[in-house]
Amino acid sequence: MKAEISIVWKKIQSMIDSFMIMLPNIVLALIVFAIFYFVGRQIKRVVRRLTRHHHQARNLGLVLGRLAQSAIVLVGLFISLSIVIPTLKAGDLVQLLGISGVAIGFAFRDILQNFLAGILILLTEPFRIDDQIVFKNFEGTVENIETRATTIQTYDGRRIVIPNAELFTNSVTVNTAFDKRRMEYDISIGYGDDIDQAKQLILEALYSLKEVLKAPAPDVLAMDLGESTVNIRVRWWIAPPRRIDDLRSRDKVICAIKKKLYVENGLDLPYPTRNILLHDQTEETDGHRSQQREGWPADKRKVPKPRRISGSVRKVGQGRSQQDGNGKS
């Protein structure tokens with residue numbers, strides 16, 4: 001028992017001695033790695049600072065900065081491992097990284113996919129930071145484009161994190177891609193109103209608003225003859241095309257059109273209506289379409305006059321009494 005304890009103690013002492021011998025190398029390796037890590041971060045900041053004021057090169061600066069930082073940190077890791085393990089060769093490191101890279105690729109496939117998609121998004125720039133985008137059920141302002149995910153801030157003050165692979169492989173609507181944006185809204189007027197007059201009044205209302213651009217000019221189009229209304233589509237342009245400008249212009253346009261049409265000129269803005277025709281079908285007229293009162297007559301043919309409810313009920317009662325009498329006989 002004492003011999004076994006002595007052997008274990010000798011091994012522990014040997015490990016401690018080896019660690020004490022390697023301790024200066026470990027400390028030096030950590031210092032070297034920290035220096036490379038610090039240099040990589042500084043280079044990333046310098047690249048981002050140089051491209052910050054160039055809108056088109058800003059995303060490219062993010063990509064180059066992150067790639068430069070990763071490359072410098074990787075070189076620092078190689079040198080640090082060489083200091084700790086002097087017998088380790090560069091070829092062995094490359095071979096080790098190649099084997100481990102395949103294993104990591106299978107294990108972290110989604111992460112790598114998002115990373116590559118983030119690089120492509122930053123390079124191709126389908127949208128940029130501060131753009132307002134719509135992705136599936138999410139809509140907001142792009143806060144940051146990272147190599148793994150893109151964060152957007154919704155209009156009600158929430159943060160949405162979207163993986164880059166989904167953004168790159170699905171459709172994204174960029175509302176602020178251009179300087180101007182066209183808006184539209186449908187207005188309904190009555191069938192008794194003059195369509196040309198209504199269109200002219202709507203245009204006058206639009207041209208009176210500073211939120212509506214004069215070029216491209218707004219337009220008004222009759223789009224549909226509804227069940228109880230004539231539907232007119234109003235289209236106008238705004239700049240800048242951000243969400244707050246959309247809401248403000250829509251508010252001004254709707255208020256101005258209602259005031260111009262209804263308040264100042266008395267045009268009808270009708271509610272949906274429906275006519276219900278009660279058929280006066282009895283045993284005498286049932287089956288004879290020429291004698292059924294389905295709507296209003298189109299010619300001078302004789303049609304039955306509508307009866308009162310009391311008379312119809314009385315006639316139905318008489319018919320049932322006759323049927324009962326025939327049954328008893």
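In this predicted model, strands β7 and β8 run antiparallel and are joined by six bridges, two strands being taken as paired if DSSP finds at least two bridges between them. A hairpin of four residues connects β7 to β8, and Leu-225 has Val-230 of β8 as its bridge partner. Helices (H or I, at least four residues) and strands (E, at least two) are DSSP runs numbered from the N terminus, while residues are numbered from 1 along each chain as its sequence is written. Because the model is predicted, local features need pLDDT of at least 70 and side-chain atom pairs count only at pLDDT 80 or more, whereas totals for chains, interfaces and linings use all residues; side-chain values use heavy atoms, with hydrogens and water left out.

A nonpolar core is here a set of buried Ala, Val, Leu, Ile, Met, Phe, Trp, Tyr and Cys residues joined through side-chain atoms within 4.5 Å, and buried means under 20% relative accessible area, calculated with a 1.4 Å probe on protein chains only. The core holds 21 residues, and those with the most contacts inside it are Ile-202, Val-234, Trp-236, Val-253, Ile-257 and Leu-261. Apart from it lies another core of 13 residues, which includes Ile-133, Ile-145, Ile-152 and Ile-160.

Ile-187, a residue of strand β6 (residues 181-189), is buried, with a relative accessible area of 11%. Residues up to four places away in sequence being left aside, Ile-187 touches Val-230, Asn-231, Ile-232, Val-234, Ile-257, Leu-261 and Leu-269, where contact means heavy atoms within 4.5 Å. Ile-187 and Val-234 are 47 residues apart in sequence, yet their C-alpha atoms are 7.2 Å apart in space. With neighbours within four places again excluded, Val-253 is in contact with Leu-206, Leu-209, Val-212 and Trp-236.

Helix α6 buries Ala-198, Leu-201, Ile-202, Ala-205 and Leu-206. These residues cover an arc of only 140 degrees around the axis and therefore lie on the same side of α6, the arc being that of the directions from the helix axis to the C-beta atoms. An α-helix has 3.6 residues a turn, so residues three or four places apart point the same way. The buried residues of α6 are covered by elements including β6, β7 (219-225), β8 and α7.

Key:
Buried means under 20% relative accessible area, exposed over 50%, partly exposed in between (1.4 Å probe, protein chains only).
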